[in-house]
Amino acid sequence: MGTDAISPPGRPSGAGPDAPDGPPFSDEQAMGLALDQATAAAAHGDVPVGAVALHHGRLVAARHNERQLRGDPTAHAELLALADAAAALGTWRLTGITLVVTLEPCPMCAGGLVAARVGRLVFGATDPKAGACGTLYNLCADPRLNHEVPVTPGVRAAEASGQLKAFFAARRPSPTP
Ligand code: ZN
């Protein structure tokens, strides 16, 4: 019996880019980080939507809605997170990325997910006014497009919709007598 039998398995040197690079986040844990990002958006008057990008379970981007902050109609959390993830990985092709966002993506962001060839989408609350990942449209599962994104909806949805409701309730003017 050699000592090899009790050596820790370690990580094979040829593990490649698909090998996990840290403790993976569960969908619920990742959504917790996205919810924290959404809180940060509300702090500067933006609708509280947060998104994080995981590369094989490892966090590579965490952003929130900055539309109001930047005066940019495209500064949604998802697109900002995709741009950060692409910069971190050095490629626009994000097949190894799971994007986790508190609110169902709009048509623009769902289009971005398809364009980036994102591997998987996880979202919290559904969006009856703009949802393009199952509610009004499903751009993530349209065989006419050149890429489909598996979707896990409804993760910590009550917390995500609670944040949004609280934000809009606080902005609503008090009723006139
Ligand atoms: Zn969007």
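I began with a rule: two strands pair if DSSP finds at least two bridges between them. Helices (H or I, at least four residues) and strands (E, at least two) are DSSP runs, numbered from the N terminus.

**Model.** I noted that this model is predicted: local features need pLDDT of at least 70, side-chain atom pairs count only at pLDDT 80 or more, and totals for chains, interfaces and linings use all residues. Residues are numbered from 1 along each chain as its sequence is written.

**Sheet.** I traced 5 strands in an open sheet, ordered E2-E1-E3-E4-E5, with mixed pairing. E2 and E5 (151–152) are the edge strands, each pairing on one side only. E4 and E5 run parallel, joined by 2 bridges. I looked up valine 122: its bridge partner in E5 is threonine 152.

**Helices on the sheet.** Here contact means C-beta atoms, placed from the backbone, within 7 Å. Angles run from 0 to 180 degrees between N-to-C directions, with axes fitted to C-alpha atoms, for helices over the stretch in contact. H3 lies across E1, E2 and E3, at about 145° to E2. H5 (residues 157–171) packs on the sheet and touches E3 and E4; its direction makes about 60° with that of E4.

**Core.** A nonpolar core is a set of buried Ala, Val, Leu, Ile, Met, Phe, Trp, Tyr and Cys residues joined through C-beta atoms within 7 Å. Buried means 20 or more other C-beta atoms within 10 Å of the residue's own, placed from the backbone. I found 44 residues in the largest nonpolar core; Leu99 is among those with the most contacts inside it. H1 gives the largest share of this core, 7 residues. Not counting residues up to four places away in sequence, leucine 99 touches residues including Ala53, Ala81 and Leu121.

Terms used
A residue is buried if 20 or more other C-beta atoms lie within 10 Å of its own, exposed if 12 or fewer, and partly exposed in between; C-beta atoms are placed from the backbone. Two residues are in contact if their C-beta atoms, placed from the backbone, lie within 7 Å.
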